[in-house]
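Me: I have a structure to work through and would like to go step by step. Can you take my questions in turn?

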Amino acid sequence: MSPWQLTPEGNAIVWCGCPAPPICPPSGPASVHSLVLLRIERSAAQSLRTVLNSKPAAMGVDLYYMDLSAPCRSVMLLAKAIGLELNLKVTNIMTGETRTPEFIKMNPQHCLPTMDDDGFKLWESRAILSYLASKYGPAHLYPSDPKERAVVDQRLYFDMGTLYERFGKCVYPLMFGDGKIADNALDNLKEALGWLEGFFGDNQFVAGPKQTVADFAIASTVATIEACELVDLAAYPKLSAWLAACKTDMPGYAELNGQGATAFGGFYKAKLNA
Amino acid sequence: MADGSKPVELHYMPLSAPCRSVLLLAKSIGLQLTPKLCNVLAGDNRTQHYLQMNPQHTIPTMDDNGFYLWESRAILGYLASKYGPAHLYPSDPKERAVVDQRLYFDMGTLYERFAKCTIPLMFGNRPVEEDAIPKLNEALGWLEGFFGDNQYVAGPKQTVADFSLASTIATIEASEVTDFMPYPKLRAWLASCKAEMPGYAELNDDGAKSFGELYKQAKAKASA
């Protein structure tokens, strides 16, 4: 049971009396400790309770990844930005490392990235981004206001279902399939980039005036598109400015996203010229 | 009742599974929606007004008193958070993460693989790939596994993921591209959706059946 609970009125939090309080002095008696904070705003009480009940990543968070994979890079970028140390586990999907019995037990869908937070296994990069941001990051990264969050969510679904999907149609058949790229694949990608350009409005970040998990998801997608040299991103000034800011402002960008994107681009271009 | 001066409007088509998810959820939480039929096959989503609301011109598109939102799963999360009971989209990061993984699975794996079984015939004048149905069955197997000992797709309580998946699964069922015999938990869950989700027949079943009919006609034509 989470040791910190709200009082029935919701405007105070109380320690339930477990013998191992986190903030009482170690020399205190092992019997009931109660610390009651009175008369704070309901929302503050709830937030404070969540913070106090969150255990820090005791064993660290494991991330099974490959740096060719844009979704994996999003998670690594976010973790670095929020100061969360990940236990990175390189997993080569192409040589069958996601098909071992151990991996399949963890994730029957055997996809990357897969996260293991002290026994809690999770996949789908965008679910991981929201989870890590909510659990370990500052609130603005995944705002709790329904309207603000809905905009972030729409950008995340756009990234998966439209932007990366259309990018995939331009490159995957050549890299992994029969080589047949549909005639309209590149036009469809450009259309999606145009929509993304429009989403910025007057904002500095993809989902509003503050950075959110959507910036991390889309930074890896756009970096990979750039590395494949399919499209001139200069046609999208807001997108270009935002990407330039990601490169300078996201900690560890070069090593956590730049390198992997370049590697993916290299792989694609080698197939193109083969 | 929505705050602001008007009920939430939803631009939709019954053929569209993502639209049906939202209609089902709204009914379930007692949220009055003003449904606005939008026939994408006739270009209703390409009017200037529609493009101002949603430049991507997709359905469903929601208008909550001037707040425009698209992506059905974002709409589900928004409506549940704003107007529904907390269990539908829990705030605990771990519980929510499981719901989110199911939502992304629905979009990126299940519906995606189902589309590969149907869209080429219905809209592409192309044959379906040989591995399309086996891959769909693989995804259904994963979904079966996700239930564990739970009654609902993302845990012991109903969440927005149940609404998202109910429309996908109903549409797969109506198309008859595969059967659900190997998936007892999925069958039991679908049966309870039909019995318990308010308005299921009119908000989901009818539209799924229409989609199924269109698909079967296209398939028959292609084989002729």
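The questions below go from one chain to the interface, and then to single side chains.

Me: What kind of model is this, and how many helices and strands does chain A have?
Reply: This is a predicted model. Keep that in mind for each value below. For chain A, the count is nine helices and seven strands.

Me: What percentage of the residues in chain A is buried?
Reply: A residue counts as buried under 20% relative accessible area. Chain A has 274 residues. Its accessible surface comes to about 12,900 Å², with 55% belonging to carbon and sulfur atoms. The buried share of the residues is 47%.

Me: What is the area buried between chain B and chain A?
Reply: The size of an interface is often given as the accessible area lost when the parts come together. Here 29 residues of chain B are in contact with 30 residues of chain A. Carbon and sulfur atoms give 71% of the buried area. The total is about 2,600 Å².

Me: How many salt bridges and how many polar contact pairs lie between chain B and chain A?
Reply: Take the salt bridges between the two chains: the count is zero. Now take polar contacts, with both residues at pLDDT 80 or more. Across this interface, the number of residue pairs in polar contact is four.

Me: Is A:Thr162 buried or exposed?
Reply: A:Thr162 is found in helix α5 of chain A, residues 146–176. Its relative accessibility is 10%. The cut-off for buried is under 20%, so A:Thr162 counts as buried.

Me: Which residue has a side chain joined to that of A:Thr162 by a polar contact of 3.5 Å?
Reply: Leave out residues up to four places away in sequence, and A:Thr162 touches A:Tyr157, A:Ala192, A:Trp195, B:Gln56 and B:Glu71. A:Ala192 is 30 residues away in sequence, yet 6.8 Å away in space, C-alpha to C-alpha. The polar contact of 3.5 Å between side chains is with B:Gln56.

Me: How far apart in sequence are the parts that B:Glu138 and B:Arg113 tie together?
Reply: Side chains of opposite charge can pair when their charged atoms come close. B:Glu138 and B:Arg113 meet in a salt bridge of 2.7 Å, N to O. B:Glu138 is partly exposed at 33%, while B:Arg113 is buried at 14%. B:Glu138 lies in α5 of chain B and B:Arg113 in α4, so the pair ties together parts whose separation in sequence is 25 residues.

Me: Which helices does the pair B:Lys194 and B:Glu173 link?
Reply: These two form a salt bridge, with the closest N and O atoms 2.9 Å apart. B:Lys194 is partly exposed at 35%, and B:Glu173 is partly exposed at 31%. They sit 21 residues apart. The helices of chain B they link are α7 and α6.

Me: Why are B:Lys216 and B:Glu213 separated by about one helical turn?
Reply: They form a salt bridge, with the closest N and O atoms 4.0 Å apart. Both lie in helix α8 of chain B, residues 200–223. The separation is about one helical turn because their spacing in that helix is three residues.

Notes:
Residues numbered from 1 in each chain as written. Chains lettered and ligands numbered in written order. Predicted model: local features only at pLDDT ≥ 70, side-chain atom pairs only at ≥ 80, totals over all residues. Heavy atoms only, no water. Contact = heavy atoms within 4.5 Å. Buried area = accessible area lost by both parts, 1.4 Å probe. Salt bridge = Lys/Arg side-chain N within 4 Å of Asp/Glu carboxyl O. Polar contact = N/O pair within 3.5 Å; in protein donor to acceptor, adjacent residues only side chain to side chain. Helix = DSSP H or I, 4+ residues; strand = E, 2+ residues; numbered from the N terminus. Buried < 20%, exposed > 50% of the residue type's maximum accessible area, 1.4 Å probe, protein only. Areas by Shrake-Rupley, 256 points an atom, 1.4 Å probe, with all protein chains shown as cover.
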